[in-house]
Amino acid sequence: MISKEQIAADYRIIQNEICLALEAVDGKSRFEEEQWQRDGGGGGITRVIQNGNIFEKGGVNFSAVYGQLPDTMKKALKVENDDFFATGVSIVIHPNQPWVPIIHMNIRYFEMPTGDPDKQPLRWFGGGIDLTPHYVIDADAQYFHAYLKSVCDSCHPEYYHRFKQWADDYFFIKHRNETRGIGGIFYDRLTANDEVSWEDIFEFSKNLGRSFIPIYTELVERNRDTPFTEEHQHWQYLRRSRYAEFNLVYDAGTKFGLETNGRIESILMSLPPTAKWVYNHTPAAGSNEERTLSLLKKGVNWAE
């Protein structure tokens with residue numbers, strides 16, 4: 001099994017690759033970088049891009065933290081060990097163009113020593129990528145899911161359908177009875193077995209991380225010059241409010257960061273710069289807004 005140090009180093013490289021590519025796509029803004037240390041062990045590198053040609057706010061964060069796991073997280077993770085190590089890359093991009101979607105990606109690795117030198121540590125990989133269009137465009141949704149299916153199929157033929165359903169269930173806003181967007185893939189506690197090795201899973205994790213740029217570059221270029229009105233942007237802000245609700249109420253990464261004394265600015269980087277809550281807003285019948293809402297549900301087969 002590749003060491004946790006090597007995993008963190010490769011994730012750090014992926015963070016660099018993504019930041020350079022996003023700067024090239026935007027063509028105006030550059031990432032601001034802040035290195036931080038976590039009380040208790042480890043730290044990370046937060047990179048934020050703001051007020052760009054396309055990206056109103058975005059973050060590409062890397063972290064590698066360790067130390068003692070709080071009791072609340074031990075219960076949540078259903079583990080008894082105290083020591084932990086976690087590393088990963090987390091990305092959220094909020095565009096200023098309503099026809100360009102919000103995108104989120106996370107790749108991560110978690111490890112806990114058993115306390116017995118003769119036993120391997122408890123370890124697993126997790127991650128996912130999902131798309132939150134302000135307006136659902138069928139061709140874009142199909143492209144997104146087909147690309148993810150190809151990444152999954154390169155590792156295991158069952159991964160896409162399994163992880164797609166997992167994403168549908170995970171990225172679901174229960175109090176709104178709607179999905180956050182058109183889903184994607186999500187997985188957690190992925191471990192080696194007779195079919196896939198630790199090296200296979202690590203390669204899958206990196207391949208998923210490196211799928212971000214070709215996927216999002218394509219979606220940005222398709223839609224960045226589409227004209228929009230104030231009404232389109234108003235709808236964009238309403239959809240952003242749903243994104244904020246999910247991250248503050250349900251998101252496991254947000255909860256983990258807060259419970260393990262992570263850096264608050266990095267944890268809440270995912271929140272949009274501007275969002276709106278309008279009482280009992282109902283889209284006009286037959287509108288693109290109404291159609292988008294009708295597609296925010298589980299079980300839509302976009303890839304085939």
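Trainee: How many disulfides does the structure hold?
Mentor: It holds 0 disulfides. Keep in mind that this is a predicted model.

Trainee: Which cysteine sulfur is nearest to that of Cys152?
Mentor: That of Cys155, 8.4 Å away.

Trainee: Is Cys152 buried or exposed?
Mentor: Cys152 counts as buried, because its relative accessibility is 0%.

Trainee: New topic: the core. Which residues touch the most other members of the largest nonpolar core?
Mentor: Tyr11, Leu22, Ile129, Phe204 and Phe212, out of 57 residues in that core. Helix α5, residues 198–223, gives the largest share, with 11 residues.

Trainee: And what is Tyr11 in contact with, beyond its sequence neighbours?
Mentor: Leaving aside neighbours within four places, its contacts include Phe62, Val89, Ile107, Phe125 and Phe202. Arg108 and Ser205 are also among them.

Trainee: What does the second core include?
Mentor: That separate core has 11 residues, among them Trp36, Val65, Leu69 and Phe110. Leu69 and Phe110 are also in contact with Phe256, which sits in helix α7, residues 252–259.

Trainee: How far apart are Phe256 and Met73?
Mentor: They are 183 residues apart in sequence, but 7.1 Å apart in space, C-alpha to C-alpha. Phe256 is in contact with Met73 too.

Trainee: Last one: which residues of α4 are buried?
Mentor: Tyr159, Tyr160, Phe163, Lys164, Ala167, Asp168 and Tyr170.

Trainee: What span should α4 have?
Mentor: At 1.5 Å a residue, its 12 residues should span 16 Å, and the end C-alpha atoms are 16 Å apart, which agrees.

Terms used
Residues are numbered from 1 along each chain as its sequence is written. This is a predicted model: local features need pLDDT of at least 70, side-chain atom pairs count only at pLDDT 80 or more; totals for chains, interfaces and linings use all residues. Side-chain values use heavy atoms; hydrogens and water are left out. Helices (H or I, at least four residues) and strands (E, at least two) are DSSP runs, numbered from the N terminus. The expected span of a helix is 1.5 Å times one less than its number of residues. Buried means under 20% relative accessible area, exposed over 50%, partly exposed in between (1.4 Å probe, protein chains only). A nonpolar core is a set of buried Ala, Val, Leu, Ile, Met, Phe, Trp, Tyr and Cys residues joined through side-chain atoms within 4.5 Å. Contact means heavy atoms within 4.5 Å. A disulfide is a pair of cysteine sulfur atoms within 2.5 Å.
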